[in-house]
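Here are some notes to keep beside you on a first look through this structure.

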Amino acid sequence: MGSSGLPKQANKDRKTKMEQEIYALDGSVDRHGRPAIRTRTGTWVSGILLLVNQGLATLAFFGVGVNLVLFLTRVIGQDNAEAANNVSKWTGTVYLFSLLGAFLSDSYWGRYKTCAIFQSIFVLGLVSLSITTYTFLIKPSGCGDKQTQCGSHSGYQMGLFYLSIYLIALGNGGYQPNIATFGADQFDENDPEEGHSKVAFFSYFYLALNLGSLFSNTILGYFEDKGMWALGFWASAVSATLALILFLCGTPRYRHFTPKGNPLSRFCQVLVAAIRKCNVAMIPNEHDLFEADETDSNRDRGRKILHTEGFRFLDRAAVVTSKDYTDKVKDNMLTPNPWRLCAVTQVEEVKCILRLLPIWLCTILYSVVFTQMASLFVEQGAAMKTNISTFHIPPASMSSFDILSVAAFILLYRRVLDPLVARLRKDPKGLTELERMGIGLVIAIASMVSAGLVELFRLKYAKKGCENCENSSSLSIFWQIPQYALVGASEVFMYVGQLEFFNSQAPDGLKSFGSALCMTSISLGNYVSSLIVSIVMKISTRDDMPGWIPGNLNKGHLDRFYFLLAALTTADLLVYLVCAKWYKYIKFEGKSSGDQGVIIV
């Protein structure tokens, strides 16, 4: 009898091993809701489709965004400060919508459906902008270049314009955090080879984003600078349409994760349960805290998170009392009231988010530096020498050097710097995400100092008393290359590090929210930039002084504004170092091999 059980056990072990070889181990499913088969779904086949999709969508977005400040000044008739503020608010709104997209994705729709819906809204907004621009805004025909100003526009026409660009903001904002996370979903981190590919995906994702914007910053930027706005916007609409079609073509191949439900209710349950038990004595042994069983409804919420020290008050939500297990609960084998008793994993989800917030807040001021490329860098470039012989260089196209810098530093980091640090530290992980983000802040400070020095020399060689100050300085626009290149280098360390950090440190049911934190940092950076510009202009404007950033930059002190941002970012770096030292990494309970081990991410 005893020996007959051995073949059955061997067959069971062999079957389990075969299932592990066939199916992804991270709980992902195919489009029919069945466990994802490793060889038929995901990996780089799906990953490359999504990278190309991201490149085309980025081309479409920056076809509008990169020259929007010039469109507002030349076509709509706004001054420099007003246009810079409106671009900052619009760009901020784009990334603010990322929270909406992440919430719908994590809670109800899933990442695939969310990406498809918001990409469709994105295409609709671009088509609407193209029609509105061609039909109403470019009047008289051919206006909008440097020589010909457009006429005034009615409230109805301006309403259509703002509706169009904010549809673009909604579509792109809701899509962005989900496409990054959806791409990472295509790789099983429990498999060593796919786990390495998952980390690499974020770098290539940001590279695809920048390569997509390269075309819009150069070719589309050139045509739009010449006044061919409708042509540029139509090209963006076609690119976004191709991106949507390509995304839908990969439908049979994608891996999916089931939405985990509304995270707000889970957060509120922890807070309410902890407050209800504010008078309950804390137990010294963390192993006595409540944790959900595999048979509970919580089993689909993702991996269990191990208990960590800190925020001890919240641990009270997981302390079991006599009121939590009533006779009715025991007799009917019911789950305890979640508003009275929460699992350790649920409590740790709240702790994770609370620990992420200080790091996230420190990244906002970096985004203030980043947003200058789309506004004040462009205005500064327009006031410099932009001609080589008879060839005109569009000021917005200088951001191509940012893109080339991003591409170069991504390859340099992945091929040289990361392996070198890993070898020196004898740690395969190399630089941590927090270390890379700190390096990004240091480089951002250098970029603002560089921009301020360039502005000092631009003013020195500027023509005095000009009315239209485009090309008013004999200093070549190519002197802007260092500041663009430094911003690009800082992005590789800050934004790629941010994407990896927030994705890895967010609980399983909040992965899109983790990516949205990165996007929302950019959003608030734009709003803070707008606020700083407004405060600076209010303080620096006097009866006899036009302020630091007037319509005529030759009468202002843009250099002082750049140096102010360098000083603020330095202070932010000091706060960031404190927060990074305090941060505790999330610890998951792994189940990839049938036994339970600890995974520290």
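**Notes for a first reading**

Please keep in mind that this is a predicted model.

1. Cys249 counts as exposed because its relative accessibility is 55%, over the 50% cut-off. Cys362 takes part in no disulfide, and the nearest cysteine sulfur, which belongs to Cys579, is 4.1 Å away. With a relative accessible area of 4%, Cys362 is buried.

2. How many disulfides does the structure hold? There is one, and its partners are Cys143 and Cys150, with 2.0 Å from S to S. A disulfide is a covalent bond between the sulfur atoms of two cysteines. The link of Cys143 and Cys150 is right-handed, with 90° about the S-S bond. Cys143 counts as buried, at 0% relative accessibility. Cys150 counts as buried too, at 13%, because the cut-off is under 20%.

3. Next, have a look at a pair of packed helices. Two packed helices are described by the angle between their axes and the distance between the axes. For helix 4 (residues 80-109) and helix 5 (residues 111-137), the angle is about 140° and the axes are 8 Å apart. That makes helix 4 oblique to helix 5, because only angles over 145 degrees count as roughly antiparallel. The crossing of helix 4 and helix 5 is right-handed.

4. Which residues make up this contact between helix 4 and helix 5? Helix 4 brings Leu100, Gly101, Leu104, Ser105, Asp106 and Trp109, and these meet Arg111, Lys113, Thr114, Ile117 and Phe118 of helix 5. Sorted by class, the contact has five nonpolar, three polar and three charged residues.

5. Gln483 deserves a visit. You will find Gln483 in helix 16 (residues 481-505). Is Gln483 buried or exposed? Gln483 is buried, with a relative accessible area of 0%. Setting aside neighbours within four places in sequence, Gln483 is in contact with Phe377, Gln380, Ser447, Ser450, Ala451 and Val454.

6. Tyr562 sits in helix 18 (residues 558-582) and is buried, with a relative accessible area of 0%. Beyond neighbours within four places in sequence, its contacts are Leu376, Phe377, Gln380, Met448, Ala451 and Gly452. Phe377, Gln380 and Ala451 are among the contacts of both Gln483 and Tyr562. Tyr562 and Val369 are 193 residues apart in sequence, yet their C-alpha atoms are 8.8 Å apart in space.

7. Finally, some backbone details are worth checking by eye. Most residues other than glycine have a negative phi, and most peptide bonds are trans. Lys139 and Pro140 are joined by a cis peptide bond, with omega about 0°, and Pro140 lies in the loop between helix 5 and helix 6 (155-185). Thr43, which is not a glycine, has a positive phi of about 60° and lies in helix 2 (residues 43-65). Phe311 has a positive phi near 50°. Phe311 belongs to the loop between helix 9 (263-276) and helix 10 (312-315), and is partly exposed, with a relative accessible area of 32%.

Definitions and conventions
Residues numbered from 1 in each chain as written. Predicted model: local features only at pLDDT ≥ 70, side-chain atom pairs only at ≥ 80, totals over all residues. Heavy atoms only, no water. Disulfide = S-S within 2.5 Å. Buried < 20%, exposed > 50% of the residue type's maximum accessible area, 1.4 Å probe, protein only. Helix = DSSP H or I, 4+ residues; strand = E, 2+ residues; numbered from the N terminus. Contact = heavy atoms within 4.5 Å. Axes fitted to C-alpha atoms, helices over the stretch in contact; angles between N-to-C directions. Parallel < 35°, antiparallel > 145°, perpendicular 65-115°, else oblique. Left-handed = near helix turned anticlockwise from the far one by under 90°. Nonpolar A, V, L, I, M, F, W, Y, C, P; charged D, E, K, R; others polar.
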